[in-house]
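Hi,

Here is the structure I promised to pass on. Have a look at it first, and then read my notes below.

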Amino acid sequence: MSVLEIAAAIDEPERRPAAPRRSYGLAIAGFVLPVVLAILWEGLVAAGIANGRLMPPPSVVGRTLWGLAASGELLTHAGATLWRVAAGFGLGALAGTVLGAVTGALPVARSLLDPTLQALRAIPSIAWVPLFILWLGIFETSKIALIAVGVFFPVYLGVMGAILSVDRKIVEVGRTFRLSGFAMIRRILLPAVLPAYVVSLRVGLGLGWMFVVAAELIGASEGLGYLLLDGQQLGKPAQILAAIVIFAILGKLTDWLIEVAAAPFLRWQDAFGRSRGA
């Protein structure tokens, strides 16, 4: 086979069987465990076997959620938290992507920047709180900055590590076919880096949801973190659990949105975890 034929074979997309109709059975199965646990706890409390005062059953938590939704408080608090996470995630992911790409691609930048960034990564999140309050005040800016710090480091590490782990043989193949700089990035480097980048974004988003709780405990008057603190101070365990449930729902929903947004760019993968028709 000639070199041209090999090149044509590489360029030709792999012929895969027609995608079968997607089964939602496994997706639905993911809800079985929490539903079974909720029903079990409801039954234990109703039978008097367990005390539902400090750990209210799902029916009580559901009534609390309904009351918060009917009064409009749930939308206000969830919207405030969602806005803070979105702003912090955007800033942290952008900074992590840029610095991760620079340190991954340029050894000089990696030698200058990476040791300092690794040292900053070891600082506990709560240690930033008093400093951000002094620098940025107690309002939204300090909260968004704290969330951005939480998002930044996993994205930075993911991008830098993905670039450093690109197989040298793949790059040599691109050079053999005399790909231009842009073509090398588009056809070699981006496909190699993108799967790890998506994972780092998901990890960063998860830390963003964790950091928003710490951010909303510093003088917030609205937000799901404020609901948690208010429930703890007033002895309302049902309100605390209701806020935790909303955190879980919003966190899972935003993580799913990243998966959906990234899926069209990862269709080329023939990985073990992907079905052949996906």
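A word on terms before anything else: by contact I mean heavy atoms within 4.5 Å. With that in hand, take Ser142: leaving out neighbours within four places in sequence, Ser142 is in contact with Phe132, Leu136, Gly137 and Ile218. Ser142 sits in helix H8, where helices are DSSP runs of H or I with at least four residues, strands are runs of E with at least two, and both are numbered from the N terminus. Ser142 has a relative accessible area of 1%, so it is buried; buried means under 20%, exposed over 50% and partly exposed in between, with a 1.4 Å probe and protein chains only. Its C-alpha atom is 9.6 Å from that of Pro130, twelve residues away along the chain.

Some housekeeping: residues are numbered from 1 along each chain as its sequence is written. This is a predicted model, in which local features need pLDDT of at least 70, side-chain atom pairs count only at pLDDT 80 or more, and totals for chains, interfaces and linings use all residues, while side-chain values use heavy atoms, with hydrogens and water left out.

Now the overall picture. The protein chain has twelve helices and zero strands. Of its 278 residues, 33% are buried. If you take the contacts between residues at least 6 apart in sequence, 71% of them join residues at least 24 apart. The accessible surface (Shrake-Rupley method, 1.4 Å probe; for residues, only the protein chains shown count as cover) comes to about 17100 Å², and carbon and sulfur atoms account for 71% of that.

Next, the core. A nonpolar core here is a set of buried Ala, Val, Leu, Ile, Met, Phe, Trp, Tyr and Cys residues joined through side-chain atoms within 4.5 Å. The largest one has 44 residues, and Phe89, Leu146, Trp209 and Ile246 touch the most other members. Two or more residues each come from H4, H5 (73-105), H7 (125-136), H8 (140-164), H10 (181-216), H11 (224-233) and H12. Which helix gives the most to this core? That is H8, with eleven residues. As for Phe89, its contacts beyond four places in sequence are Ile147, Val151, Leu201, Gly204, Leu205 and Ile258. Another core, of six residues, lies apart from the largest one and includes Ala162, Val166, Met184 and Val193.

Leu190 is in H10 and counts as partly exposed because its relative accessibility is 48%.

H4 brings Val60, Val61, Thr64 and Leu65 to the contact, and H12 brings Ala238, Gln239, Leu241, Ala242, Val245 and Ile246.

Further along H12 is Thr254, buried at 16% relative accessibility. Beyond four places in sequence, Thr254 touches Leu82, Leu205 and Trp209.

Cheers
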